[in-house]
Amino acid sequence: MPSREILNGRVPSQAVTGPAATVVLIDDAPEVRLLVRAQLRLSRGFDVVGEGATGLDAIELARTHRPALLLLDVSMPEVDGLEALPRILAVSPGTRVVMYSGFAEEGLAARAKELGAVAFLEKSSSAARLAEDLTAVLGMSRPTIEDCSAPGRPDAVDDAVDDAVDAVEATQLLGEHVERFRAAFDSAAIGMATMTLAGRVVRANRAFAMLVGRSTDELVGLPYTALITDAEAAGPASALAAAQRGDSDVLHVEHGVDVYGASRRVLATIAPVRDTRGRALYLFLQLQDVTGQRATEEELRQSEERFRLLVAAVEDYAIFMLDPDGHVVSWNAGAQRIKGYTAAEITGQHFRIFYPPDKQAAAYPEQELEIALRDGHYAEEGWRVRKDGSQFLADVVITAIRDPAGHHLGFAKVTRDVTERSHTVEVRERASAALATANRELEIANQRLAQAAADR
């Protein structure tokens with residue numbers, strides 16, 4: 001069904017030297033329709049029988065009125081002009097469809113004519129010439145100046161038309177609806193395209209075409225979603241819908257494209273180009289190849305995952321992370337075995353809990369972190385406390401962790417229980433001392449025996 005913007009009533013036609021050609025105007029900008037309607041009425045050769053704002057409106061109005069001429073915008077929400085064109089001709093084969101667009105693109109004009117348009121007119125052309133161009137399309141005789149000023153033209157209509165023309169600055173108005181970015185567009189190194197509000201490509205530069213593995217001619221008229229791998233089509237389609245609704249001035253979506261049988265990752269940035277009233281005229285698309293970046297990130301993620309699994313599996317060392325204030329944020333199997341806490345029990349607690357009460361009272365744990373932050377690391381052997389309250393001798397290394405920009409992220413702490421080693425060392429030292437004592441006593445005894453033998 002037509003939208004509420006369709007004018008079902010007929011605009012009064014003027015007295016002319018022949019029957020006026022019936023016209024339907026389709027453009028999502030009411031002020032553009034106002035300007036065009038005024039120009040056509042001034043020419044007195046056309047009778048505007050209906051207006052609409054979307055391709056769906058165009059199809060329904062063509063079915064209802066079967067006009068001689070349908071002036072069709074390209075970029076519109078819901079269904080754009082390129083999609084609507086074949087459906088218009090299907091319901092009204094005798095209607096001549098003229099594309100009226102702000103996109104100055106030869107490929108787009110060729111595509112429109114392939115779909116059945118009889119002409120392609122740019123909005124950058126003078127609005128005053130529009131009636132003349134449409135007259136030529138229909139093969140009609142152009143009304144003379146005398147015809148246009150013939151008696152019998154109602155003053156009310158004169159005033160209405162004049163007021164309509166005066167109310168709209170034609171050059172400025174149509175200028176807002178003309179595609180921008182033409183100067184640097186084609187030579188840009190980054191992929192760029194302009195699209196209708198419904199997401200159909202109307203212009204693409206060489207970098208864009210190379211990125212998606214199509215020629216610039218192939219891209220004209222192609223729905224952007226047709227370039228996307230099927231499994232990821234929902235995300236870009238949602239972004240296009242959000243751009244049409246005006247939810248954001250810039251939208252980002254990442255997806256895959258199939259290029260010569262290989263998958264490529266791209267980051268699409270979609271921005272609606274608006275008129276002075278804030279309404280979207282068309283969509284500007286920028287495409288960036290992030291295949292290499294994502295591959296590097298995935299390799300790093302896998303490397304980090306392997307390291308995480310390795311750390312988690314180590315049982316001879318307690319390896320865990322502290323936040324910048326000293327709270328536990330990670331915990332491995334070795335930490336649980338040595339200290340007795342599960343990850344759920346210890347995560348979020350301050351690491352001072354591992355120190356004897358006298359060390360805690362002296363803020364010794366905090367001093368260790370200060371030294372590690374100042375010097376990059378801290379190492380010592382000292383007594384620590386397990387969950388059950390027993391103490392063990394620990395070999396401890398604390399390392400300050402920073403990101404590539406130098407921001408402090410926290411600390412890595414490695415603890416090894418060396419109690420048994422210390423005990424072994426003590427036993428060995430006592431045995432060595434006892435042996436040394438025995439050797440000295442034996443040496444003294446030998447000296448006494450030698451002295452006794454000499455005295456005889």
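# Notebook: burial, voids and backbone

**Entry 1, phenylalanine 411.** I looked up phenylalanine 411 and found it buried, at a relative accessible area of 1%. Here buried means under 20% relative accessible area, exposed over 50%, and partly exposed in between (1.4 Å probe, protein chains only). I note that this is a predicted model: local features need pLDDT of at least 70, side-chain atom pairs count only at pLDDT 80 or more, and totals for chains, interfaces and linings use all residues. Residues are numbered from 1 along each chain as its sequence is written, and side-chain values use heavy atoms, with hydrogens and water left out.

Phenylalanine 411 sits in strand E14 (residues 408–417). Helices (H or I, at least four residues) and strands (E, at least two) are DSSP runs, numbered from the N terminus. I then listed contacts, meaning heavy atoms within 4.5 Å. Beyond its neighbours within four places in sequence, phenylalanine 411 touches Phe320, Met321, Leu322, Asp323, Pro324, Leu369, Ala372, Leu373, Ile398, Thr399, Ala400 and Ile401. For alanine 400, 11 residues away along the chain, I got a C-alpha separation of 4.6 Å from phenylalanine 411.

I found lysine 339 in helix H14 (residues 333–339). Lysine 339 is buried yet has no salt bridge. The criterion is a side-chain nitrogen of Lys or Arg within 4 Å of a carboxyl oxygen of Asp or Glu. Which side chain of opposite charge is nearest to lysine 339? I get glutamate 368, at 9.5 Å. For charge, Lys and Arg count as positive and Asp and Glu as negative; His and the chain ends are not counted. Leaving out neighbours within four places in sequence, the contacts of lysine 339 include Phe320, Trp331, Phe354, Arg386 and Lys387.

I looked for non-glycine residues with positive phi. Arginine 66 has phi of about 40 degrees. I place arginine 66 in the loop between helix H2 (55–65) and strand E3 (69–72). Alanine 363 has phi near 55 degrees. Alanine 363 lies in the loop between helix H16 (357–361) and helix H17 (364–375). At 29% relative accessibility, alanine 363 counts as partly exposed.

Rolling a probe the size of a water molecule over the atoms shows where empty space is left. On a 1 Å grid over the protein atoms alone, a cavity is a set of points where a 1.4 Å probe fits but cannot get out; a pocket is an open set with protein on both sides within 12 Å along at least five of seven lines; lining residues have an atom within 4 Å of a point. Grid points are joined across faces, edges and corners, and a volume is the space filled by probe spheres set on the points.

I counted two cavities of 30 Å³ or more. The largest cavity holds about 60 Å³. Its lining includes Leu25, Asp27, Arg33, Asp73 and Tyr100. Strand E1 (21–26), helix H1 (30–43) and E3 each give two or more residues to that lining. H1 has the largest share, three residues.

The second largest pocket has a volume of about 280 Å³. I found 18 lining residues, with Asp28, Pro77, Leu197, Ala280 and Leu281 nearest its centre. Helix H12 (234–245) and strand E10 (280–289) each supply at least two lining residues.

I counted 18 helices and 14 strands. Of the 456 residues, 42% are buried.
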